[in-house]
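Visitor: I am new to this structure. Could you walk me through it?

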Amino acid sequence: MSTQENDFQAWLTKIQALKLPQWADFPDFDIYMEQLINLVNQYLAPLELDPVTPAMINNYVKHKVMFKPVKKRYQREHLAAVITLTLLKTVFPLDMIRSGFNGELNVLSAQAAYDRFAANFTTQLQTLDLAQSTPLPFTKNFEWDEAIQQTAATTIIYQLISKRLMLHAPQIEKGAITHD
C-alpha cells in the first residue's frame with residue numbers, strides 16, 4: 001500500500017470516528033460569537049473543512065438562513081444551525097439550505113430536526129462502505145424527510161472523500177498513473 005493510500009485510510013478512519021454532538025451536548029446557556037465559532041470548529045475539526053468565521057455567521061443571518069442572536073448572544077438553535085450549515089454548504093447553495101431548514105422546522109422542533117440530522121450524518125459516516133453498490137440508504141418504510149436527510153448526509157460525506165482523494169491522488173501523466 002502506498003503512502004497516499006495509507007494516509008487516506010488513516011484520514012477515513014479518523015472521520016469515521018466522528019460523532020456529531022446531540023442537542024443535549026450543547027451548552028445550556030447563551031454564548032458569544034467567538035464561543036460559537038470555537039465550538040463549531042472544534043466539533044467539525046476531523047473533517048478538515050474551512051473554519052467558520054464571524055463573516056460567515058453574519059452572512060447566514062443576513063440571508064435569513066438562521067435568526068439573529070439576542071443581544072449578541074447565541075443559543076442552542078444557532079449552534080445547531082451553524083453545524084448543519086457548515087456541512088450542507090459544502091454541496092448545497094444557501095437558498096436550498098434555507099428552504100430545507102424552513103421545511104424541517106415546519107414539521108419538527110429545532111431540537112428534533114438537529115438531533116435527527118446529527119444521528120443520520122453520524123450513522124452514514126460510521127457505516128460508510130466505499131464498496132457498497134448503492135449510496136442511497138433507504139429503508140423499506142420510505143419517508144421523504146428521512147430520505148432527504150440521509151441523502152444529504154451521504155452527499156456531504158462522499159464530497160469530502162472525493163476532495164480528499166483528489167488532493168492526495170497519484171499524479172496522472174500521459175494516461176498512466178504515477179505514484180509520488
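**A pocket, a core and a helix**

Visitor: Which element gives the largest share of the lining of the largest pocket?
Guide: Keep in mind that this model is predicted. The largest pocket is lined by 31 residues. Two or more of them come from each of α4 (76-88), α5 (94-107), α6 (110-126) and α7 (144-168). The largest share, ten residues, comes from α5.

Visitor: What is the volume of that largest pocket?
Guide: By class, its lining has 19 nonpolar, seven polar and five charged residues. Leu88, Ile97, Gly100, Phe101 and Glu104 lie nearest its centre. The volume is about 700 Å³.

Visitor: Which element supplies the largest share of the largest nonpolar core?
Guide: This core has 49 residues, and Leu20, Leu47, Ile57, Met66, Ile83, Leu87 and Phe121 are those that touch the most other members. At least two residues come from each of α1 (3-16), α2 (33-44), α3 (54-62), α4, α5, α6 and α7. The largest share is eight residues, and its source is α4.

Visitor: Where do the buried residues of α3 sit around its axis, and what do they pack against?
Guide: Met56, Ile57, Tyr60 and Val61 are buried in α3. They lie on the same side of α3 because they cover an arc of only 140° around the axis. There, the buried residues pack against α2, α4 and α5.

Visitor: Which exposed residues does the face of α3 turned away from the buried side carry?
Guide: Buried means under 20% relative accessible area, and exposed means over 50%. On the face turned away from the buried side of α3, the exposed residues are Ala55 and Lys62.

Key. Residues numbered from 1 in each chain as written. Predicted model: local features only at pLDDT ≥ 70, side-chain atom pairs only at ≥ 80, totals over all residues. Heavy atoms only, no water. 1 Å grid on protein atoms, 1.4 Å probe; cavity = no way out; pocket = protein on both sides within 12 Å on 5 of 7 lines; lining within 4 Å. Points joined across faces, edges and corners; volume = space filled by probe spheres on them. Helix = DSSP H or I, 4+ residues; strand = E, 2+ residues; numbered from the N terminus. Nonpolar A, V, L, I, M, F, W, Y, C, P; charged D, E, K, R; others polar. Core = buried A, V, L, I, M, F, W, Y, C linked by side-chain atoms within 4.5 Å. Buried < 20%, exposed > 50% of the residue type's maximum accessible area, 1.4 Å probe, protein only. Arc of directions from axis to C-beta. Contact = heavy atoms within 4.5 Å.
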